[in-house]
Amino acid sequence: MSLTLEEVQAKSAARLAGLHEVVKLAAGKLIERCYHRGVYIRITQGLRTMAEQEALYAQGRTKPGAVVTNAKPGYSFHNFGVAIDFALLLPDGKSVSWDMSIDGDRDKTADWHEVVAEAKALGFEWGGDWRSFKDYPHLEMTFGLTTAQYRAGAKPSQAAVEAMLKKINAKEGEEPMTAEEKKEFEALKATVREQAALIQTLTGSKDTLKEWLTQMDGRVKTLEGSNCMDVPEWAKEAVQAAQSAGLIDSPSGGSLSFYRLLTVLHRSKLIRVEV
């Protein structure tokens, strides 16, 4: 498929109308992020009127067809513009699919689950995680409110809106840092600046790079009080590259800032498997 990002975005534009502005922003980001991963999606449902919800609820009950929802009018987050449904856009650029096993970009991860991962990173909750009546195309951003509260006229609080905006606007692949994490990371950056001359030589010697990483690991653990953690999702590619290159012995046991450092080096192409 040779569609441009703008062409893919245009296919969902009508369905984004009427959504809460933050949800609309997140949906647009989702389309863009998935596109850059080689997965094209279309938003198939956004705001749903009460009349539309009533007709949908009647399907399989008082009208022909299969039951597709248990939500009566006013009991779906779609009715309040804080939920969307999606489908995969097929190679013809026109048809869509709800096949959760498709791996169109051939990266050994089902496209559907790549979309879900990106959606969760943006702050959406996934209907596939529900305990009953799982709704796999469904994504919602409720701002901590229930449908009962929305029916009563409640609106998302400013704090909830700002928290979601912070998550949505965080750099892709990174998690928003707390104030304490920012302080620690600034200390780490100061340490890296001290080593700027050494960094210039890293691409020429794997041994030099490994030695430098070992030194940095020790400094980072000193800065963070030896706070070790599992590898974050956004750092896995960098950690795998570093381990494959023989630069680290184990993928586990690092600190948050050390994983950030590896990610920066990897994205700067200073970590290469062939060195």
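## Ground rules

Since the model is predicted, local features need pLDDT of at least 70 and side-chain atom pairs count only at pLDDT 80 or more, while totals for chains, interfaces and linings use all residues. Residues are numbered from 1 along each chain as its sequence is written, and side-chain values use heavy atoms, with hydrogens and water left out.

## The chain overall

The protein chain has twelve helices and five strands; these are DSSP runs numbered from the N terminus, with helices (H or I) of at least four residues and strands (E) of at least two. Of its 275 residues, 41% count as buried. Here buried means under 20% relative accessible area, exposed means over 50%, and partly exposed is in between (1.4 Å probe, protein chains only).

Now for contacts, meaning heavy atoms within 4.5 Å. Among those in the protein chain with a separation of 6 or more, 65% are between residues 24 or more positions apart.

## Salt bridges

The structure holds five salt bridges, each a side-chain nitrogen of Lys or Arg within 4 Å of a carboxyl oxygen of Asp or Glu. One of them pairs glutamate 114 with arginine 37 at 3.1 Å, N to O. Glutamate 114 sits in helix H5 and arginine 37 in the loop between helix H3 (21-36) and E1, 77 residues apart. Glutamate 114 is buried at 3% relative accessible area, whereas arginine 37 is partly exposed at 34%.

Lysine 120 and aspartate 129 form another, with their closest N and O atoms 2.8 Å apart. Salt bridges that share partners also join Arg33, Arg37, Glu114 and Glu118 into one network.

## Around arginine 48

Arginine 48 is in the loop between strand E1 (41-45) and helix H4 (50-58), and is buried, with a relative accessible area of 7%. Its side chain meets that of aspartate 85 in a salt bridge (3.8 Å, N to O). Aspartate 85 belongs to strand E2 (residues 83-89), so the pair ties together parts 37 residues apart in sequence. Aspartate 85 is buried too.

Beyond its neighbours within four places in sequence, arginine 48 is in contact with Gln53, Leu56, Ser76, His78, Asn79 and Asp85.

## Helix H12

Helix H12 covers residues 256-267, and its end C-alpha atoms are 17 Å apart, which agrees with the 16 Å that its twelve residues should span at 1.5 Å a residue. That expected span is 1.5 Å times one less than the number of residues. H12 is mostly covered, with ten of its twelve residues buried, including Phe258, Tyr259 and Arg260.
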